[in-house]
Amino acid sequence: MFPHIKWILGSALVLLFSLTAGPVLAGSDVLFTGGGIIRDGSGAAAKRITFSVNLFVDADGLTAGHLRFGFHNLDDIYALDQSRFTTSDFDSVLIETHYLDTTSYTFVRIEASGSLDGQDGWSVLARFSDFGVPVNDPALPPGHADALRLMLFDPSGVAVYDTALDYPREQSWRTLLDGGNVAVDMRLASYP
């Protein structure tokens, strides 16, 4: 096949997939769970972000659960080393099917207000990619694995930290997990 025909067909497929991407929440109860780590460097001095999430979203969009991020060995300019962000207050949750190349994955975007080391008023914007099970499926192309991007905002709303500035942007602006897994489990809501 001629190279320009492959390019045209590939572009058409990407356009088709982007048009079919959309919310997976409609009519579903969703459980989003997981935990893991992203790290830059090696050994005890490596920069690390650890996280855990256990979030239930019902078919009406009501949320319950928790989200936690831990910051380890960050440079002094952030003044976040050994800090912990925790929340059970979710401002918005978006769960959609997206595509990387031709591989579908579940994209989760969470905005949440919480506390940093006990001080209220902080917030996060977290973006996750869930490529399913098994974790780091060898049948998928490189880079098609669970990933995270995290932005942290102080009580005045100023962004004080963004993983995209500290970690490799391996999947758009998200960083592949170095350990752990996230999983989206959907159940059709049943109404009486």
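**Close-up views of a predicted model**

View 1. Asp162 and Arg149 are both buried, that is, under 20% relative accessible area with a 1.4 Å probe and protein chains only, where exposed means over 50% and partly exposed lies in between. The two residues form a salt bridge whose closest N and O atoms are 2.5 Å apart; the term denotes a side-chain nitrogen of Lys or Arg within 4 Å of a carboxyl oxygen of Asp or Glu. Because Asp162 belongs to strand S8 and Arg149 to strand S7, the pair ties together parts that are 13 residues apart in sequence. The model is predicted, with pLDDT of at least 70 required for local features and 80 or more for side-chain atom pairs, whereas totals for chains, interfaces and linings use all residues. Residues are numbered from 1 along each chain as its sequence is written, and side-chain values use heavy atoms, without hydrogens and water.

View 2. Strands S7 and S8 (residues 159-162) run antiparallel and are joined by 3 bridges; two strands pair if DSSP finds at least two bridges between them. Strands are DSSP runs of E with at least two residues, and helices are runs of H or I with at least four, numbered from the N terminus. Leu152 stands opposite Tyr161 in S8. The hairpin has 5 residues between its strands, and Gly157 in the turn has a positive phi of about 90°.

**View 3. The largest nonpolar core.** This core has 33 residues, and those with the most contacts inside it include Phe32, Ile49, Phe69 and Leu152. A nonpolar core is a set of buried Ala, Val, Leu, Ile, Met, Phe, Trp, Tyr and Cys residues joined through side-chain atoms within 4.5 Å. The largest share of the core, 5 residues, comes from S2. Apart from residues up to four places away in sequence, Ile49 touches Phe69, Phe71, Leu150 and Tyr161, among others; contact means heavy atoms within 4.5 Å.

View 4. The structure holds 4 salt bridges. In one of them, the side chains of Glu111 and Arg109 meet at 2.7 Å, N to O. Glu111 is partly exposed at 31% relative accessible area, and Arg109 is partly exposed at 25%. In another, the closest N and O atoms of Arg187 and Asp185 are 3.0 Å apart. Arg187 counts as exposed at 53% relative accessibility, whereas Asp185 is partly exposed at 30%.
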